[in-house]
Structure formats: structure tokens, C-alpha cells
Amino acid sequence: MSTNSATFNGKRSFKLMIVDDSNIMRRRIERSNKFEELELVGTAGNGEEALELFGKTDPDVVTMDLTMPRMDGIECIGRLVALKPSIRILVVSALADKATAVEAMEKGANGFLNKPFTDRQLNEAIAELMR
Amino acid sequence: MLYEQELKTFVEGTTNFFEVAAQQPASIGSPYLMEGSPSVHEYTGVINISGKREGVVYFTAPKAMLTVLLMKMQENDFSHETMRDLVGEVANTISGNARRDFGRDFVISVPSVVSGEKPSIPLRPGHRSFIIPINWRSHSAKLVVALA
Amino acid sequence: MTVAGTERRRQLATAFIGTALTLVMGAVLIWGFHLATNMRANITALQSASALQNYPEEIAHQLNTLRDRLEVRAYSGQALSDLQATVTRFDQELKKINTGGNSESPQLDRALLLWHQYRPVLDPVVAFAGQPYVESDSAGSALSREGRKHYAEVKQAQLFAADNARPLQAQLASLASTLQHSSSDAADHLRGLLFVGVIAALMLAGAAAWFQRARNRQERVARDATEQTRDILKTVREGFFLLDANYRIGSVWSEALTRMFSRNDFAGLSFEELLQNLVPAATLSTATKYIKLLWGDRAHENLMKSINPLGQLEITMDNGHGSKETRYLQFDFHRVMGPEGVKHVLCSVGDITSSVLLARELHDSQENANQQLDMMLGMMHVDPLQLVSFLDTAETGLKLVNTILREPARTDAEFRKKLNGLFREMHSIKGEASALNLKSIASRVHSLEDMVSDCKKRPELSGNDFLPLVLKLDDLLAHLRGVREMASRLTAIKDTPAGIAAQTATLSTTMPSMKLSAATPAPPAPVATPERGAPRSVEDLRPALQSMAERLAHDHSKRFKLTMAGLSEVPTAYSATIKDCLIQMLRNAAVHGIESPDVRQANTKDAEGTVRVEFRKISDGYELVFEDDGVGIAPDSLRTAAVRKQMITEEEAAGMDTRATMALIFRPGFTTQDGVSMDAGRGVGMDVVARSVYALGGKIGVSTHPGRFTRFKIVLPPSEAASSTAVA
């Protein structure tokens with residue numbers, strides 16, 4: 001499991017990447033983020049973009065949509081975890097079926113949040129993710 | 001025959017979106033039946049369903065409603081693309097709900113979005129659809145369930 | 001954990017009692033030995049003291065005897081030696097007592113003091129060894145010199161004895177009595193000690209016995225617990241087992257598993273093996289992935305619970321008789337935490353087959369009710385033409401029901417307003433169905449009617465209450481369609497003459513756009529020929545439309561007459577659309593167009609209104625005119641409503657002529673929006689009418705004069721051109 005040297009409650013800031021094909025959702029997540037330690041370093045609209053952005057920004061925390069054009073979220077999770085095992089990924093998806101959730105967790109996701117969500121639900125999920 | 005639970009799942013998926021995303025619940029208006037393709041508003045999010053049931057389910061909303069919805073979501077971009085995103089997200093939610101409730105029987109497509117007042121939504125000819133008005137604030141959208 | 005603690009405390013207590021018992025008994029024995037030794041010395045001393053009491057008197061007595069002998073010059077040797085012996089014995093005895101550990105006794109001290117004064121007086125007497133007498137002839141025997149001295153010493157000793165023998169004796173008697181006391185005290189001590197020892201021993205023995213019993217009881221409880229656990233595992237309806245870190249089942253599991261999985265070799269079985277061959281590969285893969293995730297610390301309990309994919313697992317297995325059996329199992333997982341993370345996963349399995357099947361059956365029974373058999377039986381004895389006429393009426397009525405439903409509603413009042421109209425339509429259809437003994441239809445309409453009655457009773461109505469209604473309506477329409485199919489087949493069998501067969505065959509599908517519900521078995525292929533898709537003439541609907549108009553007039557307290565002309569001219573390709581349009585427009589006219597009789601009279605109009613329908617062939621197609629002499633539509637209120645609904649801007653509204661304004665009512669969504677004003681309501685559903693007209697390649701227009709009339713004109717192309725799109 002992830003043994004990131006930085007602790008969430010510590011001073012060090014975390015780099016956040018948002019992956020979602022919907023502009024609204026990207027901005028929504030960005031706006032809802034109440035954690036000062038979490039600094040947005042980039043947003044991506046699909047898996048391929050996410051991987052590219054990962055190479056440039058090395059994020060610690062990722063929110064990941066599942067149904068996206070080009071590379072989908074499940075595959076992207078697998079790739080990201082392979083590149084950086086300590087990465088923490090919150091799946092944010094409208095797909096509410098169990099098999100999808102299990103699949104995502106198995107690929108290495110750390111949390112699962114169903115769309116639509118409230119600000120509170122998102123922040124709780126992020127807090128849970130960083131625990 | 002469509003089961004009540006199936007219809008409810010689609011309806012709840014829709015109203016839930018308003019309640020959660022905009023913090024203001026939507027109510028449903030008087031539902032009715034329609035033969036042939038019903039009229040649509042400017043923006044429509046469509047999901048295709050196959051498997052035990054075949055057909056489409058779509059959410060169609062007027063621009064005015066989406067504008068207010070975006071405002072309530074503290075969005076300040078009211079571009080065409082954002083509107084499309086938004087109905088796409090509603091359809092996404094409906095699709096997610098349906099996958100949760102009858103994933104074993106249905107194959108549910110990823111939502112697609114069409115815009116304009118005369119889009120081509122491939123309804124099966126001869127289908128009877130359920131039209132469920134979705135009332136939110138002073139606006140009204142439609143959820144159309146056309147399954148057999 | 002707590003049981004182990006109790007056990008350890010119990011063992012400590014037992015050990016403590018054992019040790020205490022040993023120590024107490026040892027102390028009692030040692031102390032007792034010491035006491036006994038002391039007592040023995042005391043008793044010896046007592047014996048000596050008792051004996052000594054007599055010595056002073058005896059010494060005094062022997063001194064007297066010695067003196068008497070010396071005075072009569074008798075032989076004194078014997079008396080002296082007796083005295084000597086007595087003094088020596090007395091002295092020895094005293095010394096013995098003195099060294100016997102009674103030195104602290106004051107009586108002995110005083111006795112010794114006296115004896116020390118006495119002894120020097122006695123010593124010369126006792127030490128005498130000479131001849132006391134001298135023999136002389138003159139005086140016979142006389143005291144010698146030595147004898148005289150001896151005699152004086154005896155007399156002196158006798159004198160001392162006379163003064164001191166009694167005190168000495170008293171001291172010795174007192175000593176004896178003290179010794180007597182002290183030895184009886186010692187005996188008391190010893191008795192007391194023994195008593196205490198016995199009590200202590202008894203208490204410890206009691207405590208030991210109590211602990212032993214407690215232990216027995218605990219063992220019995222533990223034995224009972226094991227037994228109870230076994231009983232629970234044997235009888236509980238859920239399957240329980242623990243999974244270890246290798247995802248294998250532990251050695252303890254509940255018997256219910258045997259029934260659920262038809263095996264009993266669970267111990268050591270892996271979870272994957274348990275489900276293998278029972279579920280599809282994809283499900284098995286999801287399940288095993290999930291189980292593995294349970295061991296990780298990636299996700300907390302709630303998240304894991306929320307993504308449990310085995311909440312309702314369908315498994316298929318051989319039932320032992322060669323056929324397959326399907327069961328539904330509900331798995332729940334709970335992580336059992338140890339000091340180093342997840343130790344076990346407790347898995348509970350419930351067999352929810354019956355509840356799942358029950359839900360299915362409920363659905364199935366609904367589906368079964370749809371079966372054709374009962375329709376057929378009901379229809380066998382109905383006159384085909386009567387049946388078709390009824391189907392037309394029923395369908396028209398249900399379409400009106402749908403038209404009522406389509407009117408927008410948000411408030412309780414708006415929803416409630418619909419109920420009466422719905423109920424009335426349904427009641428009328430049910431009456432006719434019952435009269436024709438069409439039970440399958442009557443029962444369906446009846447249940448729909450019941451739903452409407454239920455709605456009336458609810459305190460607050462919303463769209464949700466109407467969802468079941470609209471589903472039932474859909475079902476009913478599908479059923480009517482099925483009946484129509486069946487009727488056409490029956491008449492084809494009954495009436496052999498080709499003419500009648502051809503006529504009735506066209507009755508089969510009045511609504512080409514309506515497809516049979518998937519639940520209704522499709523008719524056999526040879527009968528379902530394309531020609532049968534042609535709808536029957538609108539002219540035949542005349543009675544149904546008339547009765548609908550009467551009902552509407554009655555329900556809304558209006559008076560109007562309906563005139564219809566040329567309906568027999570409607571080509572079959574258009575009849576469905578024309579029928580739908582007529583129903584919609586007729587309702588609009590009856591509800592919103594025609595004024596109530598008193599209003600009409602106040603406006604110097606005939607109390608009875610007129611609704612006129614005319615269909616005719618024109619040079620390049622057909623024309624339908626629908627006109628009522630009611631309130632008409634005010635363009636201004638249409639514009640206001642359109643602006644309010646943000647369909648047009650105020651500038652646009654200002655620039656609109658009457659013609660463009662009136663066209664607003666055909667715009668999609670215009671009338672299905674909120675706020676049904678009189679004017680907006682006037683156009684309810686007109687967008688739908690317009691769409692169906694456009695779909696046939698036709699046009700629709702409206703002209704109106706506020707306060708006087710509203711006239712819709714629909715123009716349709718020649719039917720050949722439209723038939724391909726109309727009959728799909």
C-alpha cells in the first residue's frame with residue numbers, strides 16, 4: 001500500500017489532477033475542493049490526456065471519471081498505479097453498479113464516489129482517501 | 001410491459017440529479033403516453049438500452065432551464081458546450097442508476113448528447129413512449145422512456 | 001479475551017489459597033510445638049514446686065528430731081543423715097526450678113532469698129561429722145565439745161526455721177499456684193491456637209471448594225457455550241463461515257451452507273472453488289477480486305460494503321436429479337480485525353431465492369394475466385362488429401384519458417382536477433366491457449379505476465402517484481391491441497365469405513403506430529401480413545366521438561353539439577392521426593373553447609355551442625376543418641406566455657404579427673410548460689397534433705376571433721404519398 005512520506009495533515013501540499021470528460025464536472029470538483037493542502041495541477045478529459053499530464057505534473061491525488069472517450073478510467077487507473085504506486089485515486093462516476101466499483105478498486109483505486117454528488121460528499125470522500 | 005420499478009429508476013435518476021447537483025429537488029409532472037417521437041427541447045441526453053428491454057431513454061431540457069441549473073451549480077460558463085455537458089451528466093446519472101438496478105438484464109450505452117429542436121433520436125417506429133415531465137423551479141423538462 | 005482474563009484470575013486465586021493453607025498450617029504447627037514445649041516445662045516446674053512446699057516443714061521437723069536425740073543423748077546419726085538428704089534434695093529441686101525458665105517469678109526470687117539466708121544456718125548442722133558424745137564413767141554419756149557446738153547450731157537452725165519455714169513454704173505454695181495458672185493459660189493458648197488453626201483451615205478449604213465449584217461452573221458454561229455454538233451453527237438459516245488470509249474457509253461453518261451449496265467439504269475450501277461452476281466466469285472474477293480487496297487496507301468498511309457485488313448472487317447447480325436449479329444468495333462480509341490488520345473475514349450467506357422468486361412471480365402473474373386465452377374465451381360469443389365498435393370506443397376513451405394526463409400539472413389541485421375526468425372515462429369503458437362480458441378488459445379497467453379512486457383519497461397528489469396509472473394505461477392499450485388482433489383472427493375463422501373476411505381483416509390494427517407489447521405473444525407469422533396493418537375508417541368512430549363529446553359536456557357543465565361530416569373520406573393511412581387529432585381538439589374545445597351556457601347567453605350567443613368537424617378531399621390532398629364557436633384565442637396572452645417561458649424575447653414578441661403569434665401554439669413545449677392559463681390551456685397538446693401532421697407531410701393552421709370562434713385547418717397530401725411514412 002501507499003506509504004507516501006508526506007502526511008495529509010502535515011504542511012506539505014498535495015498535487016491534485018482531475019480527470020473527467022465533462023467540463024462542468026471538472027470545474028465542479030475543482031470548486032468543491034475545500035482542502036488547502038490539495039493544489040490542482042491539471043485537468044484531463046480522457047485517459048490519454050491524463051497519462052500525458054501525469055508525466056508533466058506528477059500528481060499525488062487523482063479524481064477519475066470512468067466513462068470517457070479514448071482511454072477509459074479503468075485502464076487509466078491501472079496505468080497510473082503502475083507508474084506511481086503511492087498515488088491515490090478517487091473514482092467519480094455515474095456508474096453505480098458493483099462490478100464496476102470492484103473492477104476499479106482492483107485496478108488500484110482508493111475510493112468510489114457516485115455522481116451526482118454534493119460538495120460535502122466529495123470532501124468526505126477526499127478526506128477518506130487521504131486518511 | 002414496463003415495470004413500475006423500471007420507470008421509477010429512470011425517474012429517480014433524473015430527479016436525484018437536481019436534488020444533489022443543484023440542492024433543489026425536482027418534481028415530476030403528470031406523466032402520459034405518446035405514439036411516435038415526441039417533441040424535444042434544445043438539449044437532449046440519450047441512452048440506448050438493449051438486452052431484456054430495447055429502446056431509448058432520454059432527458060430533454062430547454063436552454064432556459066439548463067441556464068438556471070448551471071447558475072445553481074455556481075457555474076458561470078453558459079456556452080453551448082457546457083449545456084451539452086450538463087444534459088450529458090443527467091443522462092449519465094440515469095444510466096448509472098439503471099445499471100445499478102438492472103445491470104444484469106440491461107445493456108446500457110454510454111450517453112450521447114444531441115442539441116437543436118429537430119434532432120434525430122432513433123426511436124423505433126411504432127413505439128409508445130412514456131413522457132414524464134420533470135418540473136424544476138418554474139421550468140419543465142421531459143424524461144422520455146421508450147422501451148419495449 | 002475477557003474469558004481468558006477471568007480464567008487467569010481464577011488460577012491465581014487457587015494458587016494463593018494453596019499457599020495460604022500451607023503457611024497457616026505450618027505456623028499453627030510450629031507455634032503449637034513451641035507452646036507444647038513451654039507447657040511441658042511448666043508442668044515439670046509445677047510438679048517440683050508442689051513437692052518443694054513440704055520441704056521447709058520437713059526440715060523443721062527433722063531439726064526437732066535431731067535436737068530431741070541430742071538432748072537425750074540418743075543416737076543422732078540417722079536423724080542427721082535424713083536432714084542432710086532432705087536439704088540436698090531441696091537445694092537441688094530449687095536450683096532446677098530456677099534454671100527451668102521461671103526466673104522471672106517473684107515468688108521464686110523471694111523463696112531463693114529466704115533459702116540463701118536459711119542455708120548458711122543449716123550448713124554447719126548438715127556438715128557435722130564428729131562424735132557428739134563422750135562416754136565418761138562419772139556421768140555416763142555426755143555431750144562432747146563438738147557435740148555441744150553441734151547442739152547449739154541445731155538449736156540456732158531450729159530457731160531460724162521456727163521464724164522462716166512457714167514464709168518459705170508460703171512462697172513456694174504461691175509459686176506452685178502461679179505455675180498452675182500459667183500452665184493452664186498455656187493450655188488455653190494451645191487450645192485457642194488449635195481452634196484458630198482449624199477455623200483457618202476450614203475457611204481455606206471452603207474457599208478452595210468454592211473456587212473449585214466456580215471453575216466447574218465455568219467449565220460447564222464453556223461446555224454449554226460450545227454446545228450452543230454447535231446448535232446455532234446447526235440450526236441457523238444463514239450460512240456462516242470465516243475466510244482466512246488465503247481466502248480459504250475455516251473449520252467452523254454453519255450447516256445451512258450444506259443446503260445452499262449441496263456439499264459439506266467446506267473446511268479449507270477456497271472462496272473461488274466454492275463459487276466455481278455455480279456462477280458465470282465474469283461474476284466469479286468480480287467476486288474473487290472483491291474478496292481479495294477485503295484484505296487490503298485500500299478501502300474502509302463502509303465503502304467495501306457499498307460495493308459488495310454479491311448482494312444478490314444467482315447461482316445455478318445440479319439438484320441431484322439431473323436438472324439445473326437456480327438459487328439466489330445474499331453474501332455479506334465483515335472484516336474481523338486482529339492486532340496486525342484483518343485477521344479473518346466473516347461471511348454470512350442468506351438464501352433469498354423465495355423472496356426473489358416471489359417478486360418474479362408477481363411480475364409473471366401480471367404478464368400471465370395478459371394471456372390471450374381469456375380474451376379468446378370472452379370474445380367467442382361476442383358479435384364481431386359489436387366487439388370492433390367497442391374497441392373503437394374503448395380506445396377513443398383511453399386516448400382521451402391520455403389527453404387528460406398530458407395536461408401539465410404541478411400542484412395538488414391540478415393533479416386532482418384530472419381524476420374525475422379519468423374516472424368517468426374508465427367507468428364508461430368498464431361498463432361496456434362488462435356488458436360484452438370481456439372480462440380481461442373489464443378487470444384491467446377496473447384496477448385502473450381503483451388506482452384513480454386511491455389517488456383521490458391521498459392527501460397530497462404529485463406526479464409520482466400518476467406513474468402507476470400511466471403504466472397501467474399502457475398495459476391496457478397493449479391489451480386492447482391484442483384483443484383486436486385476436487378478434488380479426490376469430491372473424492377470419494368464423495366468417496368464411498371473402499367479402500366479410502376482407503372487411504373485418506382491416507379492423508385488426510386501427511393504430512398502426514402502436515406496437516404489441518413485448519409481453520404479449522406475437523401473432524403467428526402467416527396472419528401478420530402487411531395489408532392487415534391498414535386501419536379502419538374514422539367514420540366508424542363517429543358514435544365513440546359523439547359519446548365522448550357528451551361526456552365531456554356533462555363533466556365540464558357545457559352544452560354543445562358536435563357535427564361531423566366527410567369522415568368516411570379519410571384514407572386509412574391517415575385515420576390513426578386524424579383520430580388522435582380529433583380527440584385532442586375535441587377535448588380542448590369542450591374544456592377550454594366552449595363557454596358555459598350562462599356566459600354564452602351573457603355574450604348574446606346561443607346557450608348551446610357548436611363544434612364542427614369537416615373532412616374533405618381537395619385538389620391536391622385532403623383537408624380537415626375543426627371549428628368551435630367558443631372564446632377564441634387572444635394573441636396578446638399567447639405572446640405574454642411565450643415571453644414568460646423564455647421562448648421568445650420581448651423584442652421578438654413586439655415584432656410578431658398575429659399569424660406568427662398564433663403559430664406559437666404549435667411550437668414544441670409551449671403548452672406543456674407551467675402555468676396553464678386559460679389561453680395557453682386552449683392549445684394544450686397542439687404541438688403534438690402539429691407534429692403528427694408534419695410527420696404525414698401535412699400542414700396545420702389556426703384562425704381565431706376572440707369571443708367568437710377558433711378554427712384549425714389541417715391539410716394533408718394525397719394518401720399514396722404519405723402511406724409509406726404513416727404505416728411503419
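This is a predicted model: local features need pLDDT of at least 70, side-chain atom pairs count only at pLDDT 80 or more; totals for chains, interfaces and linings use all residues.
**View 1. Chain C and its surface.** Chain C has 728 residues, of which 46% are buried. Its exposed surface comes to about 36200 Å², with 56% supplied by carbon and sulfur atoms. When contacts in chain C are counted between residues at least 6 apart in sequence, 67% of them join residues that are at least 24 apart.

**View 2. A hairpin in chain C.** Strand β3 (residues 239-243) and strand β4 (residues 249-253) of chain C pair in the antiparallel sense, and two bridges hold the pairing. Across this pairing, C:L243 stands opposite C:I249, a residue of β4(C). Five residues lie between the two strands of the hairpin, in which C:Y247 takes a positive phi near 60 degrees.

**View 3. Chain B as a whole.** Three helices and eight strands are found in chain B, and from the N terminus on they follow the order α-β-β-β-β-α-α-β-β-β-β. Of its 148 residues, 64% count as buried, while the accessible surface of chain B comes to about 4900 Å², 47% of which belongs to carbon and sulfur atoms. Among contacts in chain B between residues at least 6 apart in sequence, those joining residues at least 24 apart make up 71%.

**View 4. The surroundings of B:T9.** B:T9 is found in helix α1 (residues 4-21) of chain B. Because its relative accessible area is 0%, and buried means under 20%, B:T9 counts as buried. Leaving aside residues up to four places away in sequence, B:T9 touches B:N97, B:A98, B:D101 and B:F102.

**View 5. The largest nonpolar core.** This core holds 135 residues, and those that touch the most other members are B:F10, B:I132, B:V145, C:L422 and C:L586. Helix α15 (residues 463-494) of chain C gives the largest share of the core, 11 residues. Domain 3 (368-533) and domain 4 (540-726) of chain C both contribute residues, and therefore the core lies between them. In soluble globular proteins, nonpolar side chains tend to be buried together. On the chain B side of the view, B:V145 touches B:L2, B:L7, B:F10, B:V56, B:V57, B:S129, B:F130 and B:I132, not counting residues up to four places away in sequence.

**View 6. Strand β3 of chain A and its two partners.** Strand β3 (residues 61-64) of chain A is covered on both faces, with A:V61 and A:T63 buried on one side and A:V62 and A:M64 buried on the other. Strand β1 (residues 14-19) of chain A runs parallel to β3(A) and is joined to it by four bridges, and within this pairing A:M17 stands opposite A:V62. Strand β4 (residues 88-93) of chain A also pairs with β3(A) in the parallel sense over four bridges, where A:R88 of β4(A) is the bridge partner of A:V61.

**View 7. Cysteines in chains A and C.** The count of disulfides over all chains comes to zero. A:C76 counts as buried at 0% relative accessibility, and C:C581 counts as buried at 1%.

Key: Residues are numbered from 1 along each chain as its sequence is written. Chains are lettered from A and ligands numbered from 1 in the order in which they are written. Side-chain values use heavy atoms; hydrogens and water are left out. Buried means under 20% relative accessible area, exposed over 50%, partly exposed in between (1.4 Å probe, protein chains only). Contact means heavy atoms within 4.5 Å. Accessible areas come from the Shrake-Rupley method with a 1.4 Å probe; for residues, only the protein chains shown count as cover. Two strands pair if DSSP finds at least two bridges between them. A disulfide is a pair of cysteine sulfur atoms within 2.5 Å. A nonpolar core is a set of buried Ala, Val, Leu, Ile, Met, Phe, Trp, Tyr and Cys residues joined through side-chain atoms within 4.5 Å. Domain bounds come from an automatic or database domain assignment.
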